[in-house]
Amino acid sequence: MSPSLIFQIANGVTLLSWLVLILSPNQLKVIRLLRFFISGFILGGVYIFLILIGSGEAEGNFSSLESVRSLFANDYVLLAGWIHYLAFDLFLGTWEVEDGSKVGMNRWILVPILALTFYFGPAGFVLYLILRFLKGFVFKKEKVT
C-alpha cells in the first residue's frame, strides 16, 4: 500500500472519529472506542508499521533540525510523523471531553476547543486548560465522590 493511500485512509478515519466525538449524543460512551481502538490500536499500529518499514531506508535522526529534515525526507517516516499527530490529538480530544464532563463543562463549549485541538493540538489543549482553570467562575464545581 502506498504512503499516499495510507495517508488518505488515516485522515478519513481520523476525521470520522472527530465527528463522532463532537456530534455523538453521548460522548462518554464513544470515548473508549475512539481512545483505545482508533487512536491506540489502529493509528498506533499503523505508526509502528510505518516506522518499521521506513526506518531502514531513512537517513537522519533526532539530534538536530537538519537531521530531522533528512529523516522526514522518507515518505514512510514522514507519514509516521503525521499519524503520530493524528493519534495523539485524537487521544487528547477524548481526554478533554471526559475531563470536561467531570467538571461540568457544557459539551457545546467543547466544540471549538475540540476543533482547535484537531487542527492545532497544543493550542486546543492550552485553551482547554485555561477554561478548566476558570471552571470555578464559569462552570459548576467538580463533584467529589
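Q: Before we look at helix packing, what are the axes, and how do the angles run?
A: Axes are lines fitted to C-alpha atoms, for helices over the stretch in contact, and the angles run from 0 to 180 degrees between N-to-C directions. One thing to keep in mind is that this is a predicted model.

Q: Thanks! At what angle do α1 and α2 pack, then?
A: The angle is about 165 degrees, and the axes of α1 and α2 are 10 Å apart. Angles over 145 degrees count as roughly antiparallel, so α1 is roughly antiparallel to α2.

Q: Is the crossing of α1 and α2 left-handed or right-handed?
A: α1 passes α2 in a left-handed crossing.

Q: Which residues make that contact?
A: From α1, the contact includes Ile6, Ala10, Val13 and Leu21. Among the partners in α2 are Val30, Ile31, Leu34 and Leu50.

Q: How many of the residues in the α1 and α2 contact are nonpolar, polar or charged?
A: There are 13 nonpolar and three polar residues, with no charged ones.

Q: OK, how about α1 and α5: at what angle do their axes cross?
A: The axes of α1 and α5 cross at roughly 165 degrees and come within 10 Å. That makes α1 roughly antiparallel to α5. The crossing of α1 and α5 is right-handed.

Q: And what meets what there?
A: Residues of α1 including Thr14, Leu15 and Trp18 meet residues of α5 including Arg107, Val111 and Phe118. By class, the α1 and α5 contact has eight nonpolar, two polar and one charged residues.

Q: New topic: pockets! What volume does the largest pocket have?
A: The volume of the largest pocket is about 230 Å³. Its lining has 13 residues, and Tyr47, Phe62, Phe72, Val77 and Gly81 lie nearest the centre.

Q: Which element gives the most to that lining?
A: That would be α4, with seven residues in the lining of the largest pocket.

Q: What classes of residue line the largest pocket?
A: The lining has ten nonpolar residues, three polar ones and no charged ones.

Q: How much space lies in the second largest pocket?
A: The second largest pocket holds about 190 Å³ of space. This pocket is lined by 13 residues, with Trp82, Tyr85, Asp89, Phe118 and Tyr119 closest to its centre.

Q: Which helices supply at least two residues each to the lining of the second largest pocket?
A: They are α1, α4, α5 and α6. α4 gives the most to this lining, with five residues.

Q: And the classes in the lining of the second largest pocket?
A: Nine residues are nonpolar, three are polar and one is charged.

Conventions
Residues numbered from 1 in each chain as written. Predicted model: local features only at pLDDT ≥ 70, side-chain atom pairs only at ≥ 80, totals over all residues. Heavy atoms only, no water. 1 Å grid on protein atoms, 1.4 Å probe; cavity = no way out; pocket = protein on both sides within 12 Å on 5 of 7 lines; lining within 4 Å. Points joined across faces, edges and corners; volume = space filled by probe spheres on them. Helix = DSSP H or I, 4+ residues; strand = E, 2+ residues; numbered from the N terminus. Nonpolar A, V, L, I, M, F, W, Y, C, P; charged D, E, K, R; others polar. Parallel < 35°, antiparallel > 145°, perpendicular 65-115°, else oblique. Left-handed = near helix turned anticlockwise from the far one by under 90°. Contact = heavy atoms within 4.5 Å.
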